[in-house]
Every structure is written in structure tokens, then in C-alpha cells.
Amino acid sequence: MSTTVWILGDQLLDSHPALLKAEEVAQGGEIRVLLVESKQRLRRLPYQRKKLVLLFSAMRHYAARLRDRGYTVDYRMVDRFSQGMEAHLREHQPQRLLCMEASEYRGRRYQRTLESRLGVPTSVLSNTQFLVGSYDPYPDPDPDKRYVMEHFYRAMRRHFNLLMDEAGEPLGGRWNYDDMNRKPLPKGLEIPRPIQFPPDEITRQLIDEVESSGWGVGNAAGFQLAVTHEQARQALEDFIAHRLVDFGPYEDAMSRSDSLLYHSGLSPYLNLGLLEPAELATAAASAYLSGAAPINSVEGFIRQVIGWREYIYWQYWRQMPAMQDVNFWDARRSLPEFFWDARTPMNCMQAVIQRALDDGYTHHIERLMVLSNFCLLAGIEPQQVNDWFLSCYVDAYEWVMLPNVLGMGLYADGGQTGTKPYIASANYINKMSDYCQDCEYDRRKRTGPGACPFNLLYWNFLIEHESVLRASPRMGPNVLSLRHIDDEERTRIVRQARDYLQELGSGPDP
Ligand code: SF4
């Protein structure tokens with residue numbers, strides 16, 4: 001009996017459950033692995049070109065790896081995914097199809113219809129790329145209940161026994177070291193450079209293909225990312241050895257001179273299956289236990305991996321498909337043009353957008369407190385913001401971006417994912433970065449010529465949504481500060497914000 005194992009491009013696991021299952025059930029019968037590069041899927045949005053190179057190069061290296069392990073691989077490059085699947089079935093006529101659940105809604109829906117559509121007995125196995133697949137703290141979530149990431153995270157820590165003592169208490173005596181982890185970057189700090197991977201023949205060919213296709217944003221030249229499991233593991237070791245130690249204190253810091261700082265930069269590999277979450281969490285925990293890294297850095301990193309990432313994936317599946325259309329603030333403005341060329345006098349926005357366009361990466365605080373903060377304050381339509389992030393970020397997939405951008409960043413799901421809207425004025429950006437120092441806007445001004453747009457839009461947002469925000473226990477204190485603003489100043493804020501948004505060319509005033 002011949003078996004086809006269909007492996008999706010973002011499921012490049014070393015121990016893929018469908019491959020393991022095939023070995024178990026094939027009983028000497030033929031096993032073929034199907035991998036499909038679909039142009040149509042990749043042209044859904046104008047993706048950052050390094051993202052396209054990363055995905056295709058990792059897929060092609062994975063195919064070579066499986067061939068080295070003795071598998072027969074059918075690697076198809078087609079316009080539409082269904083062409084590749086149908087041609088494979090016609091040519092090889094497998095008696096059984098095995099695959100692993102897609103991480104994303106559309107993919108999983110397609111998998112469920114495969115058997116009836118194509119007439120091949122199909123088994124869709126549980127997704128093992130997320131720890132929450134093997135342990136779900138809330139397996140039967142109440143649709144009317146608000147869930148909190150902190151509780152989810154603690155349940156995951158306990159279950160997977162990460163940084164826990166024998167009495168079941170957190171090592172170090174605390175669950176959370178946020179008070180030690182909010183430092184701005186001191187001047188003159190020497191930050192270790194991350195390991196880079198010069199492109200090999202396969203990757204060089206892809207860079208040429210992507211550049212000559214004319215499709216996408218940014219450029220593929222200068223691509224230095226890992227594309228194999230071995231390289232991804234080297235990147236993990238490099239992070240643990242050189243940057244984890246200072247990850248905690250500076251995880252919220254932003255700098256004009258450096259994008260990565262002490263962050264791991266491992267999310268693109270994790271989201272493709274080149275690394276697995278347990279591997280990252282265990283490596284970080286071992287660094288603490290051996291004395292190589294302090295508890296605040298290790299806890300902060302593990303929180304990102306088994307807390308935030310798993311919670312985001314859990315929220316995605318809890319809220320889909322409704323999550324695609326959420327718009328709590330009824331935000332209707334179009335995404336400003338400068339998101340596609342970084343031409344804005346705002347230093348912070350210019351630098352962060354330019355990085356996203358050039359390299360497809362900025363760390364999470366720049367995503368949350370600069371880009372999403374601006375879009376929330378400016379009333380940009382959530383779905384347009386989400387599409388921009390999906391286009392530009394090398395680690396962006398729908399399952400992470402919908403809850404992260406719409407949920408956490410824009411609070412467009414009305415607090416299902418996060419507990420408060422993350423909004424801030426120039427004060428925060430100035431405290432955590434060096435962007436304001438030579439900006440042509442004045443970070444101290446709220447209105448009048450040269451006032452920082454973050455200030456203007458922040459206060460305008462508080463005025464516009466005062467009653468909603470007042471009802472939120474976590475936002476109440478912010479709104480209380482409106483008491484110190486007299487009617488005249490309120491009118492100035494609202495007028496200048498309206499003029500600013502109109503000038504921005506970001507669509508009609510709702
Ligand atoms: Fe950004 Fe305002 Fe600071 Fe300029 S002054 S860098 S626009 S926060």
C-alpha cells in the first residue's frame with residue numbers, strides 16, 4: 001500500500017508526526033513525501049522578499065534532508081496549491097494520505113475536505129508544533145469568559161515543569177520579574193552580534209528567483225538567516241551563550257542603532273518548524289540552572305515562548321473565524337502610504353518601518369508600542385494593519401498576527417486577548433529609546449506647531465473613547481488625567497488631531 005505524507009511549508013519538523021505515522025502503518029509499502037510551493041499562496045500579499053527566500057529555501061533544504069534520510073520526495077512548484085496536490089495524486093495514486101493539522105484556519109478547513117474532494121482516505125494528525133497541543137490549560141473555554149495570559153502561562157510552567165522547584169513553586173520565588181526587565185539601553189553598551197549564515201547555492205538561487213520575479217517588498221539581498229535545522233540550532237546556541245544573559249533587562253528597550261539588541265531572533269525558525277518550543281524553553285532553563293544566565297532573563301524568555309506564543313495560538317483557535325473581522329473601536333481609516341516607503345518625519349516610525357521593509361524584523365516592543373500603538377491611536381482599520389504585518393515580517397503567519405496585532409496591539413477584539421489597550425504617548429517612546437533625541441517633532445508638546453503626533457493622537461484617543469476607557473479597570477487611571485485638561489485644550493487637541501489625520505492621507509474621517 002502506498003502512502004503520501006503531505007508536509008506544509010511551515011511544518012518542517014525534524015520529527016514530523018505524519019512521517020512517524022507513515023513508518024508505522026506503511027508496513028514496507030511505499031512512502032512518498034509531498035511538498036508544494038504555490039505561487040498563488042505567496043502572492044496573496046506583497047511579502048517581504050527575505051520572507052519568501054526563507055520559506056522556500058527552508059522547504060528546499062528540508063526536501064534535501066528527507067532525501068538524505070532515504071525518503072522519496074515529490075517537490076512541486078505550481079501556480080495553485082490544488083494543482084500540485086491533484087497532479088501528485090494522479091501520478092502516484094496513493095492509497096492513503098497523511099498530514100498534520102495546519103496551524104491556520106483556512107489550511108485546516110481545506111484538510112478536512114481533502115478526503116471527500118479527492119477521494120483518498122486521509123488522516124489529519126494533531127499539530128505538534130505547539131505545546132498547547134499536548135496540554136491545554138483550558139480545553140473547553142467559556143465563550144463569555146475573559147482569559148488572562150498570566151494564568152495560562154503559570155499553568156504551562158507548572159505542567160511542563162519549567163523553572164519550578166520540588167514544592168511546585170517558581171524557582172527564584174517569583175513568577176514575574178517585570179520590575180527588573182524594563183530598562184532603557186545605557187549608552188555605549190557593546191551588544192554581541194548574532195551569528196549569520198551566508199547563503200549557499202540553494203539560497204543564492206532563490207534570492208535570484210525572488211529578486212527577478214519583481215514581486216514583494218524590500219529586497220532579498222543581504223539574506224543571512226538560518227535555513228536548516230542545524231543552522232537554526234546554532235542560532236539558538238548563539239543566543240543562549242551571548243545574549244540571553246542581558247535579554248531580560250533590555251527586552252523592552254529600543255535603539256536607532258540596532259534592531260535585534262538582546263532578542264533571540266528565533267521566531268522565524270520556530271514558526272517554520274526548524275526549532276521547537278520545548279527545545280528553546282529547556283535550553284534557557286538549563287542556562288539558569290548552570291548559572292550561565294540570571295533568573296529575570298531566563299524567566300522573561302520562557303514567558304515569551306511557553307506563555308505568550310502558546311497563548312496567542314490558543315486565542316487564535318478560540319476566536320476564529322470571527323477574529324478576522326473584529327473592530328472594537330470601529331476604526332475605518334486606511335493605512336498611511338508611509339507604511340510602504342518609510343517616508344515620515346516621525347523618527348521612531350521611520351526607523352521601525354524601514355527595518356520591517358528592509359529585513360522583515362523588528363522586536364516585539366517596536367511592533368507593539370510604536371507601530372500598533374500608532375495605528376490604534378490613529379484609528380487605522382485593523383485588517384489593513386494585520387495585512388501589513390503579514391506582508392512585512394519574516395515570522396508572520398495568520399495564527400500569530402491576528403491575535404497579536406488585532407488582539408494585543410489594537411485591542412480590536414475588545415479585550416478577549418489582552419487585558420487593556422496598549423497605548424502610550426511620546427513619554428514612553430522617549431523613555432525606552434533614543435528615537436526622540438533628533439526627531440523634528442517635539443516630544444514634550446501635545447498641541448501646536450511641532451507637537452509629537454503620538455501625544456496629539458494619544459490625548460485625542462482618550463477624549464474620543466473616554467467613556468469606554470473609564471469603564472476599564474486597567475485604563476481608568478489614564479483617563480483620569482483628562483481632568484487636568486480644560487475645554488479649550490480639549491478642543492485644540494480634537495481639531496489638530498483631525499487636521500493631522502486628514503493631512504496624513506489615511507482615508508476619510510469616520
Ligand atoms: Fe516618535 Fe514623537 Fe519621539 Fe518623534 S518625538 S521619535 S514622533 S515619539
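## Terms and model

Buried means under 20% relative accessible area, exposed means over 50%, and partly exposed lies in between (1.4 Å probe, protein chains only). By that scale Lys39 is partly exposed, with a relative accessible area of 48%.

The model is predicted: local features need pLDDT of at least 70 and side-chain atom pairs count only at pLDDT 80 or more, while totals for chains, interfaces and linings use all residues. Residues are numbered from 1 along each chain as its sequence is written, and side-chain values use heavy atoms, with hydrogens and water left out.

## Salt bridges

A salt bridge here is a side-chain nitrogen of Lys or Arg within 4 Å of a carboxyl oxygen of Asp or Glu. The whole structure holds 36 salt bridges.

One of them joins Lys39 to Asp79, with an N to O distance of 3.9 Å. Lys39 belongs to helix H2 (residues 39-42) and Asp79 to the loop between strand S3 (72-78) and helix H4 (81-92), so the pair ties together parts that are 40 residues apart in sequence. Helices (H or I, at least four residues) and strands (E, at least two) are DSSP runs, numbered from the N terminus. Asp79 is partly exposed at 43% relative accessible area.

## Two further pairs

Arg309 and Glu310 form a salt bridge at 4.0 Å, N to O. Glu310 is buried, with a relative accessible area of 0%, and Arg309 is buried at 4%.

In the salt bridge between Arg498 and Asp499, the closest N and O atoms are 3.7 Å apart. Arg498 is partly exposed at 39%, and Asp499 is partly exposed at 37%.

## A network

Salt bridges with shared partners link Asp14, Arg65, Arg69, Glu230, Arg233 and Glu279 into one network.
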